[in-house]
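Thanks, everyone. I'll keep this short and talk about charged pairs. Have a look at the model first.

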Amino acid sequence: MSELAEKLTAVERELARRKRADTLARYNAGEKIHKKQLAFHKCPKRNRWVFGGNRSGKTECGAAEAVWIARGNHPYRPNRKNTFGWVVSLTAQVQRDVAQRKILHYLRRDWIADIVMTSGRKDNPETGVIDQIIVKNVFGGTSVIGFKSCDQGRERFQGSSLDYVWFDEEPPKDVYEECLMRVIDRRGDVFGTMTPLKGLTFLYEEIYLNPKNNPEIWYEFMEWADNPFLNADEIAHLERTMDETTLQSRRFGRFCTREGLVYPEFSDETVIEPFPVPPEWFDCISIDPGLKNPLSAHWYAVDYDGNVYVIAEWYRAEADVDAHARAIHEISDKLGWKRDGQGRLSALIDSAAGQRTLASVKSVSELFYERNILVNPRVNKDLFSGIAQVKSYLNRKNGLPNLYVFSSCVNMIREFKGYFWGEGESPVKRGDHAMDELRYYLMTRPKNLPPKREQSEICKDKDRLIRRLKRR
């Protein structure tokens with residue numbers, strides 16, 4: 001073999017070795033990535049969260065994201081030079097065993113300029129605890145991946161300006177808030193990957209419910225079925241060993257309490273973006289009244305196939321009937337909502353609105369009537385049959401009409417997500433105003449009953465004979 005051929009062979013071997021070592025390139029090429037991980041990487045928001053079950057692939061995408069940012073070669077987002085970021089774990093031991101191991105898995109050794117150890121030897125970093133990894137970036141400089149653990153306390157998270165923070169599992173609230181301060185100067189990113197095992201924590205309130213409707217917040221759920229690399233037999237075995245609440249968290253990555261959600265059937269697929277609704281779909285307005293408590297009103301439309309759409313909402317506390325009526329008329333005008341010949345609206349309302357109190361000569365129903373909103377208080381308020389009716393509309397497997405909620409109806413969406421059973425057999429009476437008037441409306445909808453069977457001639461003769469005997 002000639003000297004040139006030997007050199008070419010050596011180059012090919014080195015290239016093949018580097019390709020095998022470049023697990024990040026193989027991940028992005030589709031060997032390990034799945035579509036929900038890809039959605040996370042492509043999302044342009046600055047506060048992103050993956051709520052994932054165990055082994056759903058959530059930690060993989062967090063580690064890959066951090067390495068891409070450090071290298072400056074993120075394939076889906078704008079890149080920065082010489083970045084500085086933190087990887088935050090619950091404890092130093094968890095850091096070593098999980099996040100640190102994943103970072104080293106995706107970080108090729110020839111990309112590492114130096115390693116600073118908290119404990120252990122840097123020639124064998126997998127067995128120790130890393131303080132910082134100095135990464136060679138594609139711009140010719142270096143980036144820093146720093147490691148922190150929540151058990152160090154909030155004070156150890158002060159002072160630095162960061163390009164990003166990756167939370168591997170849910171941090172304490174004070175650590176989370178301190179890290180938000182760290183990314184302000186550089187308009188950096190915060191992203192987290194976690195299995196929600198602690199119940200309804202501050203992240204449930206701040207990220208999942210997103211009460212302030214922060215446009216920079218994004219999240220998704222990952223479950224075992226999203227990861228095509230998991231063994232089906234292993235999944236089936238794990239399912240058999242878990243109760244329903246544990247399964248909801250560890251498989252689906254959902255926030256749960258021991259009492260459980262009233263409507264676990266509700267999902268992000270139920271929420272759709274608004275579209276121009278044909279006026280012939282307009283059906284009814286439903287109202288749950290409140291003065292100090294919020295008044296909840298929603299506008300419902302039904303398509304030709306019987307699918308129900310919640311297309312607009314008014315949700316306001318501590319306002320009088322004048323303010324509520326004015327808002328309901330304004331929203332109806334924007335929608336082009338149907339009115340009677342005298343310009344009046346029709347709506348369903350809680351039957352309690354028909355009651356007069358010692359403090360008022362007129363009922364709430366009468367006050368709305370005077371403001372050209374003809375409310376009908378004859379609604380079916382049976383709680384359990386109403387909940388069953390809502391579930392039937394959310395459950396797409398039983399042939400009943402579907403229920404879709406426009407993303408602009410943020411308060412109804414929030415209530416769906418936070419509507420839990422109490423210790424007894426009733427839901428917790430908190431934040432349920434939209435849930436109440438949704439039940440009132442759906443209980444007025446016709447049920448999908450089987451078609452009436454055609455009587456035989458013998459049966460018809462029998463009925464005629466019975467009617468004659470009754471007349472005698």
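**Salt bridges in a predicted model**

Start with Lys429. Lys429 forms a salt bridge with Asp432, and their closest N and O atoms lie 2.6 Å apart. By salt bridge I mean a side-chain nitrogen of Lys or Arg within 4 Å of a carboxyl oxygen of Asp or Glu. Lys429 counts as exposed, at 64% relative accessibility. Asp432 counts as buried, at 3%. The cut-offs: buried is under 20% relative accessible area, exposed is over 50%, and partly exposed is in between, with a 1.4 Å probe and protein chains only.

A word on the source. This is a predicted model, where local features need pLDDT of at least 70 and side-chain atom pairs count only at pLDDT 80 or more, while totals for chains, interfaces and linings use all residues. Numbering runs from 1 along each chain as its sequence is written, and side-chain values use heavy atoms, with hydrogens and water left out.

Why pair at all? Side chains of opposite charge can pair when their charged atoms come close.

Next pair. Glu60 and Lys102 meet through their side chains in a salt bridge, at 2.2 Å from N to O. This one links distant parts of the chain: Glu60 is in helix α4 (residues 58-71), Lys102 is in helix α5 (residues 92-106), and they are 42 residues apart. Lys102 is buried, at 13% relative accessibility.

Now a pair within one helix. The side chains of Glu178 and Arg182 form a salt bridge, 2.4 Å from N to O. Both belong to helix α6 (residues 173-182); they are 4 residues apart, so about one helical turn separates them. Are they buried or exposed? Glu178 is buried, with a relative accessible area of 7%. Arg182 is buried too, at 13%.

There is also a network. Salt bridges link Asp322, Lys362, Glu370 and Arg371. How many salt bridges does the structure hold? The count is 26.

Finally, the whole chain. The protein chain has 15 helices and 15 strands. These are DSSP runs, numbered from the N terminus: helices are H or I with at least four residues, strands are E with at least two. Of the 472 residues, 47% are buried. Take contacts, meaning heavy atoms within 4.5 Å. Among those between residues at least 6 apart in sequence, 68% join residues at least 24 apart. Accessible surface, by the Shrake-Rupley method with a 1.4 Å probe and, for residues, only the protein chains shown as cover, comes to about 24,700 Å² for the protein chain. Carbon and sulfur atoms hold 51% of that surface.
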